[in-house]
Amino acid sequence: MAMPSNLKSDFKDFYDQHFDRVYRFVYFRVRMNREVAEDITSDIFMKALKHFASYDPKQSHTAWIMTIARNTVINHYRDQKQATDIDEIAFKLEGVDGREEFLKHGDVMELQEAMSHLQPSEREMIELKYIQGFRYKEIGEILGKTAGAARIEAHRAMKKLKELFKDLYDVPRKTAKEAAKVN
Amino acid sequence: MSLERQLKKLQKSTKPEREFERALWLKLSSEFDSEYPALRFTWLRFAAFPLAAFAVFVTMGVGTYAYASPYVTEGHLLHSMKLGMERVESQLPRGPIASAEFHARMMERRIAEGEVLARQERVPAFTLDGIANEMDLTVTNLASEELDAEHRRPVIDHLQMQTVRYNYLLQGYEEVPLEAVMELRLMIQDSALATNEKQLLLIELHPVVINELSPTEEDGELIPIQFEEDISLELAPQGI
């Protein structure tokens, strides 16, 4: 355990390193509602602070905070008495406050549409690697895989997304459903 | 707009507000002080300046060694210092070509470390992962839409040489780590590099891959390599 005099600066480093990623992880799972994402992100870091001194430094910081983040989002839905699969809901916008804000970025809607045709695990890979910018080693730690396995899965998910994207937007007459069937 | 650009755009558009980040830190900071009251080391206050000056003096010399030496590998006392310096360098602002050059250099460094470890008969599994990671970052930066073939070529040449060294490194293993080779192979094939650039890199992976990997159904997706006429390499019957 770090000495208390260093603990605060360690925690600040930890906060700086993980803040964006934790926020985005939550944001994509609360239907892109900024206000809700900020509330939940605050809760997550507050929980991390309470347990930071007893945290085992041999474990991965990234895997630790992402586990807290996942559990806090699950609890958020449980508190609202909603049975929601948070991986299934990731990147979905239907019937939510965040939609209007997100629609300002019209072309990103294409990406969201293509992403919705991926399997939840593929979507998670794309999110962790290409949107969150995690290293393969970190992804492996978060998902309990080797870095090599994470790399191969991320490449395959990206390849599938590219094909879906091409089918959806390079051939205008093909509907999203037809494109999804192809893949 | 390309998929890569849309992903970048999504990354940017979903950035948290900096105001929120600052406000949350202020709240956490005050909560932290009540959760963990600080210990007071009064003697340390007096010694702080000379200690800091000494630390800077020592760190500068030691840091240069740590940064440059392939002998500083995982488990070495200075390894975390080396990683820290590399992390700082990787954060410096740069364009795609400078980033590609940086990661190609880092790949070379990981290979040099792997060679040292191989001489010490320590299986450098984590080094192989480090090499693959740097290769991935190099290729990703190289494939940037802003770069033309002329700018990419010197880095491709450098990568090609590193791939040869990588092959030699793999030969030190009793059993070739196929997963590591497959990773590099898929990474090159799935990249947005031009076909001839992919060929240049895959040719160098060829001797290990061809002897140790037999194509499976999954490999059906791998691209066939069309060699130029002046490149005479013996391909296995199945091809890559």
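Biologist: How many residues does helix α5 of chain B have, and how far does it reach from its first C-alpha to its last?
Modeller: Helix α5 of chain B (residues 96-119) has 24 residues and reaches 35 Å, close to the 34 Å expected at 1.5 Å a residue. The expected span is 1.5 Å times one less than the number of residues. Helices are DSSP runs of H or I with at least four residues, strands are runs of E with at least two, and both are numbered from the N terminus. This is a predicted model, where local features need pLDDT of at least 70, side-chain atom pairs count only at pLDDT 80 or more, and totals for chains, interfaces and linings use all residues. Residues are numbered from 1 along each chain as its sequence is written, and chains are lettered from A and ligands numbered from 1 in the order in which they are written.

Biologist: Which residues of α5(B) are buried?
Modeller: Among them are B:His103, B:Met107, B:Arg110 and B:Leu117. Buried is 20 or more other C-beta atoms within 10 Å of a residue's own, exposed is 12 or fewer, and partly exposed is in between, with C-beta atoms placed from the backbone. Just after α5(B), B:Glu121 has a positive phi of about 55°.

Biologist: Switching to chain A: how many helices and strands are there?
Modeller: Ten helices and zero strands. Of the 183 residues in chain A, 37% are buried.

Biologist: And how many residues of chain A are in contact with chain B?
Modeller: 38 residues of chain A, in contact with 33 residues of chain B. Contact here is C-beta atoms, placed from the backbone, within 7 Å. α1(A) gives the largest share of the chain A side, eleven residues. By class, that side divides into 21 nonpolar, five polar and twelve charged residues. Nonpolar covers Ala, Val, Leu, Ile, Met, Phe, Trp, Tyr, Cys and Pro, charged covers Asp, Glu, Lys and Arg, and the others, Gly among them, are polar.

Biologist: OK, helix packing. At what angle do α2(A) and α3(A) pack?
Modeller: About 130°, with their axes 9 Å apart. That makes α2(A) oblique to α3(A). Axes are lines fitted to C-alpha atoms, for helices over the stretch in contact, and angles run from 0 to 180 degrees between N-to-C directions. Under 35 degrees is roughly parallel, over 145 roughly antiparallel, 65 to 115 roughly perpendicular, and the rest oblique.

Biologist: Left-handed or right-handed crossing?
Modeller: α2(A) passes α3(A) in a right-handed crossing. A crossing is right-handed if the near helix is turned clockwise from the far one by less than a right angle, left-handed if anticlockwise. The contact includes A:Ile40 and A:Ile44 of α2(A) and A:Ile68 and A:Val73 of α3(A). Its residues are seven nonpolar, two polar and two charged.

Biologist: How far apart are the axes of α3(A) and α8(A)?
Modeller: They are 8 Å apart, and the angle is about 50°. That makes α3(A) oblique to α8(A), and the crossing is right-handed. From α3(A), A:Thr62, A:Ala63 and A:Met66 meet A:Glu138, A:Glu141 and A:Ile142 in α8(A).

Biologist: Last one: A:Glu127, buried or exposed, and why?
Modeller: A:Glu127 is buried because 23 other C-beta atoms lie within 10 Å. A:Glu127 is in helix α7 of chain A. Its C-alpha is 9.5 Å from that of A:Ala154, 27 residues apart along the chain. A:Ala154 is one of the buried residues in α9(A).

How values were computed: Contact = placed C-beta atoms within 7 Å.
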